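Morning, everyone. Today I'll go through core packing and aromatic contacts. Here is the model.

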Amino acid sequence: MSMIKEAAIVAVGIIGLGLCVKGGMDDFANKDRSVTVKGLAEREVPADKVTWPIQTKEMGDDLPALYEKINATTAKVKEFLRRNGVADSEISVNAPLVTDLKADQYSAERAKYRYIITSTLTVTSRNVKRVRSIIARQGELLKQGIAVIDSYSNRVEYEYVSFQDIKPKMMQEAIRNAEKTATQFAENSKSRPGKIMTADQGQFSISDRDSNTPYIKKLRVVTTVTYSLKD
């Protein structure tokens, strides 16, 4: 009787060992089975911050008179902005910049005037729509004899500063898209996606939608996710 019990115990042990070996072999066979996919999420959003530098210049030989003239011009520009709904807290004025052309050996001989005085007034606002409407009407300043200097160095800048608020939702969307790709790959290989093995935070970018609409921003995130594959 004892021999039968011992044989039964040995048989159970062999079966258990066989199951462990099989499980170990399955794990070994599947441990390197994985798929790495990329998930993309894109959105177009309106800019929520605008920076508008308004630069004016005066030229002449009488420096004190030029200061008075540029200050008067700056006051008119500020009044124009206030009249159109821009708050004082959104306006900043830099100190006037004076250029002495006679001190420049390359331009002294051909300079018609000695001094150029430049004033830069900057509007910084979260009300992009309002500021854009004012920019479209800046021709009204020309009627007052005020010429606004347009150059690359003082161009209007648009930003999207609420990015951190939308970032988690875009990450979730990118991961969902990555999971869809992984599922499709798994179906094609007659398997199914398992747990996420690795995932990066994703590469975020903010750019203008195009050169003609810098006030519309394109948000983009690409995340890379590695899934295990199971039969």
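This is a predicted model. Start with the largest nonpolar core, which has 18 residues. Trp52, Ile54, Val77, Leu81, Leu121 and Val123 touch the most other members. Which elements give two or more residues to this core? They are strand 2 (49–60), helix 2 (63–83), strand 5 (115–125) and helix 3 (128–135). Helix 3 gives the most, with four residues.

Look at Trp52. Leaving aside residues up to four places away in sequence, Trp52 touches Leu81, Leu121, Thr122, Val123, Val131, Ile134, Ile135, Gln138 and Val156. There is also a second, separate core of 10 residues, with Val45, Phe163, Met171 and Val221 among them.

Now the rings. How many aromatic pairs are there? The count is two. Take Tyr158 and Tyr215: ring centres 5.9 Å apart, planes at 70°, so edge-to-face. Tyr158 is in strand 6, while Tyr215 is in the loop between strand 8 and strand 9. Buried or exposed? Tyr158 is buried at 11% relative accessible area. Tyr215 is partly exposed at 23%.

Next, Phe163 and Phe204. Their ring centres are 5.2 Å apart with planes at 75°, so this pair is edge-to-face too. Phe163 belongs to helix 5 and Phe204 to strand 8, 41 residues apart. Phe163 is buried, at 12% relative accessibility. Phe204 is partly exposed, at 24%.

Last, back to Tyr215. The charged end of Arg132 sits over the Tyr215 ring, 3.5 Å from the ring centre.

Definitions and conventions:
Residues numbered from 1 in each chain as written. Predicted model: local features only at pLDDT ≥ 70, side-chain atom pairs only at ≥ 80, totals over all residues. Heavy atoms only, no water. Core = buried A, V, L, I, M, F, W, Y, C linked by side-chain atoms within 4.5 Å. Buried < 20%, exposed > 50% of the residue type's maximum accessible area, 1.4 Å probe, protein only. Contact = heavy atoms within 4.5 Å. Phe/Tyr/Trp six-rings, centres within 6.5 Å; stacked < 30°, edge-to-face > 60°. Lys NZ or Arg CZ within 6 Å of the ring centre and 35° of its normal.
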